[in-house]
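Here is a briefing on helix packing and pockets. The sequence and the model come first.

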Amino acid sequence: MRNSLSLLVKIIDKISRLSADVLSLILLLMIAIVMYEVIARYLFNSPTSWSLEAATMAFGIYVIGGGAYSVLSRAHVSMDIFSSKWSERTRAIVEACTFPLIAVYFSVMCWQAIAYGIESLQIQEHASSVWGPAIYPWKLTAAAALVLMWLQLAGDFIRNIVYAVTGEKLS
């Protein structure tokens, strides 16, 4: 059982790392879009109507998509005024006890994001700007990012439960 849980957590962690690698490419795309706009505007006096919107969409996905890796690397903001004084096992117990609240919250977030993404896909939603790009791929990507974050939170829960019960970390 312990080996199965360890394998499951390793797979979840690997998915989060992979998603972070893909997101780093999106950041490069955003940089390229902004550079193109600067060159078009200032060197050729020909600004684009799409670059701000495209860069904003790319950055939005980068930010929301980074959630899973943020949880994995513990880069998110935490209130460690009290927990910094606790033992690792006590911290694991408290974090495991708070998981049901987090799970409910993220389940609703995922459910709503998926519903909005599917609805956007069904109506082939486009922005009402001059450029008018399709919005549904971005909404579906945001939903996938939230699901990945929920998955990483579940992986941390498994890690915390095993440590709280056995006193040994998953390898």
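**Pockets and helix packing**

Helices α3 (67-72), α4 (88-122) and α5 each give at least two residues to the lining of the largest pocket. Helices are DSSP runs of H or I with at least four residues, numbered from the N terminus. This is a predicted model, where local features need pLDDT of at least 70, side-chain atom pairs count only at pLDDT 80 or more, and totals for chains, interfaces and linings use all residues. Residues are numbered from 1 along each chain as its sequence is written, and side-chain values use heavy atoms, with hydrogens and water left out.

**Largest pocket**

- Its volume is about 910 Å³. A pocket is an open set of points on a 1 Å grid over the protein atoms alone, where a 1.4 Å probe fits, with protein on both sides within 12 Å along at least five of seven lines. The volume is the space filled by probe spheres set on the points, which are joined across faces, edges and corners.
- The lining counts 27 residues, and Arg74, His76, Arg91, Glu95 and Asn160 are the closest to the pocket centre. A lining residue has an atom within 4 Å of a point.
- Helix α4 supplies the largest share of this lining, with 8 residues.
- The lining splits into 14 nonpolar, 5 polar and 8 charged residues. Here Ala, Val, Leu, Ile, Met, Phe, Trp, Tyr, Cys and Pro count as nonpolar, Asp, Glu, Lys and Arg as charged, and the others, Gly among them, as polar.

**Second largest pocket**

- This pocket holds about 150 Å³ of space.
- Ala20, Leu23, Ser24, Tyr62, Val63, Gly65, Gly66, Tyr69 and Ser70 line the second largest pocket.
- Two or more of the lining residues come from each of α1, α2 (51-65) and α3.
- By class, the lining has 5 nonpolar, 4 polar and no charged residues.

**α1 with α2**

- The two helices pack at an angle of about 160°, with axes 9 Å apart. Axes are lines fitted to C-alpha atoms over the stretch in contact, and angles run from 0 to 180 degrees between N-to-C directions.
- That angle makes α1 roughly antiparallel to α2, a label for angles over 145 degrees.
- The α1 and α2 crossing is left-handed: the near helix is turned anticlockwise from the far one by less than a right angle.
- On the α1 side, Leu23, Ile26, Leu27, Met30, Ile33, Val34 and Glu37 meet α2 residues including Ala54, Ala58, Phe59 and Tyr62. Contact means heavy atoms within 4.5 Å.
- The contact of α1 with α2 has 12 nonpolar, 2 polar and 1 charged residues.

- Helix α1 (residues 2-42) packs on α5 (residues 136-166) at about 145°, with axes 9 Å apart.
- The crossing of α1 and α5 is left-handed.
- Among the α1 residues that meet α5 are Leu5, Leu8, Ile12 and Asp13, and the α5 partners include Leu148, Leu151, Arg159 and Val162.
- The contact of α1 with α5 divides into 9 nonpolar, 5 polar and 3 charged residues.
- Helices α4 and α5 pack at about 160°, with axes 8 Å apart, which makes α4 roughly antiparallel to α5.
- Helix α4 also passes α5 in a left-handed crossing.
- Residues in the contact of α4 with α5 divide into 28 nonpolar, 5 polar and 4 charged.

Methods. Angles under 35 degrees count as roughly parallel, over 145 as roughly antiparallel, 65 to 115 as roughly perpendicular and the rest as oblique.
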